[in-house]
Amino acid sequence: MTSSASDFPWVAPMLRATIGRDLRRSLSGFWVRGTLPAGGAVLAANHGSWWDGYLLLHLGWEFGHPARIMMNAPELGRFPFLQRIGCTPPERRRELARAAQAGEWVMIFPEGALQPPGSLLAPLQPGAAWLARSASTPAKPVPLIPVALRVLLRADRTPAAFARFGAPCAPDDLSAALGRELAELDADLQAADLYRPPEGYLALWRGQGAQQQQTPASRLLTRITGDRL
């Protein structure tokens, strides 16, 4: 960041408000299952949607928990101001490890790149495991949390987002743990009524496109035609 973080203090609140508004306008809601860490943690998630990074950061903002996310340098180079809301390039991974040790949530997508929607977990890069090991000390271990994410169309006119938080796992077990959480999330969604969230998932928020609602034009057309079911 070329300028000081104290410069332009209105930028970060504006970005957070804009992202929150975009999420609610574009998604029908965000449902979460599992226990969120109370202190610092490394959150390792699969990456199958453009919205994933915003969803994880927004989760921290909703709970008032400081959060950062690792973002590819080329993408961050296009939008460098996103550093003001916690987006950090891989080259500053030691900074991210210190942040997790200091009590922040540090999010990372260990698949390394966006995957096709609905795909199985791709082979993981070592970054998440490295962060968890580097952030931990014998006196203060930092948990590594597998997080399964899906953003998909169901019965609403806009996609819905779902996150499933798993139990802390050892760095060497991350691939198996994240794969299990993703399979469980997919099974939960498959078994659920399309008009309702899966059992055990709590709505963090519901978006403006959550349901098909009558508009003034549709109400007028109903009155003019006199059509009834």
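Against which elements do the buried residues of α1 pack? They pack against α2 (52-62) and β8 (202-206), where contact means heavy atoms within 4.5 Å. The model is predicted: local features need pLDDT of at least 70, side-chain atom pairs count only at pLDDT 80 or more, and totals for chains, interfaces and linings use all residues. Residues are numbered from 1 along each chain as its sequence is written, and side-chain values use heavy atoms, with hydrogens and water left out.

**Whole chain**
- The protein chain holds seven helices and eight strands, taken as DSSP runs (helices H or I, at least four residues; strands E, at least two) numbered from the N terminus.
- Of its 229 residues, 42% are buried (under 20% relative accessible area; exposed is over 50%, partly exposed in between; 1.4 Å probe, protein chains only).
- Among contacts between residues at least 6 apart in sequence, 74% join residues at least 24 apart.
- Carbon and sulfur atoms account for 56% of an accessible surface of about 12500 Å² (Shrake-Rupley method, 1.4 Å probe).

**Helix α1**
- Val11, Ala12, Leu15, Ile19, Gly20 and Leu23 are the buried residues of α1.
- These residues lie on the same side of α1, because their arc around the axis is only 165 degrees (directions from the helix axis to the C-beta atoms).

**Before α1**
- Trp10 sits in the segment before α1 and counts as exposed, because its relative accessibility is 52%.
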